[in-house]
Amino acid sequence: MSSPLVFLPVLLPLLGGIVLWLARRSLGVGRWGSLALAAVTLGVEVALLGLVRARGVQVMFAGGWVPPFGITLVVDLTSAIMLVVSGIVGLCVLGHAVQTLDPDRERHGFYALYQFLFMGINGAFVTGDIFNLFVFFEVMLIASYALVSLGSEPGQLRGGVHYLVTNLVSSTLFVAAVGTLYGLAGTLNLADLAVKVARAPDPAVFTIPAAVFIVVFGVKSALFPLYFWLPASYPAAPLPVTAVFAGMLTKVGVYAVLRVFSLVFTHDPGYLHAALLVVAGFTMLLGVLGAVGYDNWKRILSVHIVSQVGYMIMGIGFLSVAGLAAAIFFIVHQILVKTALFLIAGLAERATGAYDLGEMGGLAGRYPVMASLFMVAGLSLAGVPPLSGFFGKFLLIRAGLAQGEVAVVAVAIVVSFFTLYSMMKIWRYAFWGEEKPAGLRPVPAALYLPAAALVAFSVVLGLGGEALLVLSQQAAAQLLDGTAYVMAVLGAR
Amino acid sequence: MAFALGMGLSILAFLALLAGAGPQVLAGRVVAWSVPWMPSAGVNLSLYIDGLAWFFGLLVSGIGALVFTYASAYMHGAERVNRFFWYLLLFMVSMLGLVLSGNLILLFVFWELTTVSSYLLIGFNYERPEARAGAQRSLVVTVVGGLGLLAAFVLVLLATGSLEVADLLADPAALRGHPSYGAILALLAFGAFTKSAQFPFHVWLPGAMEAPTPVSAYLHSATMVKAGVFLLARFLPLLGGTLPWLLVVGLTGVATMLAGAYLALSQRNLKAFLAYTTIGQLGVLTGLLGLGTLPAVVAAMAQTLNHALYKGALFMIAGNVEHGTGTRDLGRLGGLARRGMPRTAATALVVALSMAGLPPLLGFVSKELILEAAFGPGAHGWASAVFVLGLGLNGALNLAAAVVLAWDLFFRRSRVTPPHQPHEPGRAMAAPPAVLAAGVLGFGLAPALAERVLQPAVAAVAARPAGFHLELWHGFTAELAVGLLVIASGLVAYRYLALLVAPARVWPPALQPIGWYEALVGAVERGTRRLNDLVQHRPLRHHLTVVLLAAAGFLWVTLFLHWRVLPWGQWSPVGPEFVVVAAVVVAGALATTLLRTGLGAILSLGVVGYMVSLMYVILQAPDLALTQLLIETLTVVLFVAVFAFLPRAALRWAGSGYGSRGADLAAAGLVGAGAAALALLAVTEPVFPRISDYFVANSLELAGGKNVVNVILVDFRGLDTMGEITVLAIAAAGVFALLRLGKRGSQG
């Protein structure tokens, strides 16, 4: 089905971003305008998900050029799910940002850059073209770099450079990989690529660019041993920026792996997907061990991102409906909960003025709501039932053991223990102990709202997870089969 | 509110189980009910009340009501008391859910919730470092075990296709013959052992005594620690009856019953003393289930009842003693019966006698059953010897402990003085232990009543209608003789207590499981910090080296493995002028890495760029050559301009920092060669025709443009261009904002 709705998640942030840039002097326009825009975008994305569920994969041919010659935008169930989650995160983090950012940052284009960031994120989710994916990665990269650095605090610039340079290297590799792939397959359209790779006389030749794509997306999604840029840069940014990065950016990389390695490069799972599993194991383990070794709220959470990405890649590496469904479920859960945890860190910062666990304590006494939110989100992250994280973990373990992948599942299980350990470290130091610092500040009720909304999602997705699970399974079946996607793009000819 | 809710709910659950499910269960039927929760994952909200679930459910709700009553007075005036009752309520509901669950994942949900609520309760007085440490320890140990349990349940699901307890019990032989049997048994036992504080995972239980005393009475004696026992009983019909089961479960139980009972006697803190005797009794229950014979199951159920009643009472009494005297240091307590706590002393005497296994109390009945099981049929020869010895020794040590609790604490003349003048507690704190004491007395005098309660549970665990009979007086049997021997040994042990426990007091902590635990946690904390220093806290160039080497390494491994399929050697020839230019490019690249000044490196990089544009000229692509020339010129100019602002040190060669210049050169060579290999692949004969043929053919006709490149950029792939323009615009906006804000920041 062809539908222009597909382009709106890209177009709205672009146009809105331009307006917000022009009106950046006005705090009112910036705050309310960007909130309204984020809400509208979320509405469009929800509508799109409904449309895809009702009528199947939606496409749009940019400029009217038929595939594989022009660029095709495609939204299948997986893309639609990612878009909706992106919309939720966009809105919730913005809800936190408008209440906490300093007016200087607000007046210097924060809201415009924020929208441009989502243009890149959403573009990556809707594009059906591998080079176009590169372009949206660039949009995302440059917007995120500007957001990391905006404010020019010393740590910010150092982290920003680390972030930018590593990602530029990955962009270079991306171009090299796309060039090689195009040289071999003669096309850039993902659906067309899927057909070509499947039809090639000896598809093994495509394993070479595929390997480079693992590295490219590996840098984006912070996989072992390519993740070091993330803990070096994320904690330096202002909290709303870190929160939205933590929720969305690495997941765009994961989404790229999910898309490309379930649609295009499925010809050699014995090598490519086995490699993904090995990388996933190390990513989970090193990420969580890194997190255990820190005493700073933001740092612990940042390094945790790495570990959790490993779980998602593991699900993708299984390359089965159960594995992919588990991965999708886990991605949704993880994005919401991880963002929530960062926003809760922001609440604690509002109260204590610190992120270092050594500088706070006893918050459970005076901030019971904050404590409850953290407890639920932290337990969910660690996969404690009956929250969403548990079902994500359970589905992944089940998918893995069903395929006899004992080693990586064992790593996942051990890692989930350390996840809980590090969450309880935050709990123990921030919420338990003697109350400190002396001058605790009140936290306005409205600031709780975004975090509470995200935590509520985790509870709902745990207790009422069946809906998301069924959706994930449908999305996974659609991914693995590929027919619906290819037909929607190429069948239109 | 939480208190009223908890009180009401526990009474309601107790009555519902008794009156609602009771008749069915007593008639040997199962009350089952199920609604789908996540059916796609095989998870349902299933209730499965057989005799076992019923029996445990009654214990949980019945003792729950008493604990809520007791806590209402004990916690009176404490800070955050409402929160306390919420936690306790969460715990009680979880525990009830756990025993009544008919779906393994649902059971696991509640299993983990008991862990979480227990963590919150132990750390309730979170200002105390000991409370935080105790909570942490309990969480660590039980969570690790829980993960094992989850893995076991997933394996059960994969082996049998179901998570429903009813389905599993319908085909009890399915798991025993399955290839995953060993893994399931090991993982499940691990989960049960951590929860039920079996040696060496018992390290968390003594620390759990940091919880307010009502919690100790409830979670850490009567209910939560029994969850592991419950689980073993639940799976006995499915996994039991094999040699591995006997070895794993039985021997762990024996080790625990000895370690717990012995270590208890060396404790000086009343609650720690009770905690270790609890460990010992959990060992007894585990050992009996490990034995798995019908008499053993009967004994296990009877002792579960006995222990839940007397241990719950003893903890409440400990709370009353502390309340009345201001201390729980055994060295400062004595002779309390004559010093103002006679009623407490009377209660204590009854439950201590039951603990010691003396008539006419329930403890006597269960001790006879335990000895009968140890001697009884079904045990292998060596196993029988081990169990007789283990259970006998445990009985003796346990009796000595009971004497300490009753005699030393309450009746023996003593000159020590507690901090306060001892006084009796109020009614709400005195009644609950008295009710429990009445329980052990009543069940002891009327064993038929206990029999009635236990019959369905035993039938469920033994998976057959169990004909057994409980009696107070068995006649002059071998068990009676051994029982007398145990009593005698216990009294001897009490007489020489100081001598007996001396080794435990000098045994170095490093050689105890607690020492192992601390060492392990310390190693993790230190190790992860070292890891971060080693890999994370490094300058950017180190990390870039890792990224590039990983990329090149993976590429080369992949190339090597797929060498035969690659279309090598199908390239068109190049002229000599091309070779010369290429040589200059290589020389320029080498110079870039070898020159020690930033300016020199930039200039030689510029040479590389100009040579590349020369290549475009040779290949007859003037537009590309022009673009490249512009970019190179601009880049060099910009670099030189920026250099003027940089300190000299920043321009010196620093290398990757991972090795010598030679190592860096080798790494760069590997990366460069990889890029070259990719480039060669990209320009090779395509497997399929390229879409650019379409662009060339249709650019004028369909898009109305003669310059194909332009048409591709603005029409065929206009969306890419829109994106790239946006990138430039964002970059400009970002730089603008950065500079403006940066300036403001320095002013203010």
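Predicted model: local features only at pLDDT ≥ 70, side-chain atom pairs only at ≥ 80, totals over all residues.

Residues are numbered from 1 along each chain as its sequence is written.

Chain A holds 21 helices and two strands, taken as DSSP runs (helices H or I, at least four residues; strands E, at least two) numbered from the N terminus. Its C-alpha trace spans about 70 × 55 × 40 Å along the principal axes. Of its 493 residues, 73% count as buried, meaning under 20% relative accessible area with a 1.4 Å probe, protein chains only. Among contacts (heavy atoms within 4.5 Å) in chain A with a separation of 6 or more, 82% join residues 24 or more positions apart.

Helix α2 of chain A covers residues 27-55. Its 29 residues reach 41 Å from first C-alpha to last, close to the 42 Å expected at 1.5 Å a residue. Just after α2(A), A:Gly56 takes a positive phi of about 90°.

In chain B, helices α27 and α28 pack at an angle of about 70°, with their axes 10 Å apart; axes are lines fitted to C-alpha atoms over the stretch in contact, and angles run from 0 to 180 degrees between N-to-C directions. The residues making this contact are:

| Helix | Residues in the contact |
|---|---|
| α27(B) | B:Tyr694, B:Phe695, B:Val696, B:Asn698, B:Ser699, B:Ala703 |
| α28(B) | B:Val708, B:Val711, B:Ile712, B:Asp715, B:Phe716 |

Technical notes: Chains lettered and ligands numbered in written order. Heavy atoms only, no water. Expected span 1.5 Å × (residues − 1). Buried < 20%, exposed > 50% of the residue type's maximum accessible area, 1.4 Å probe, protein only.
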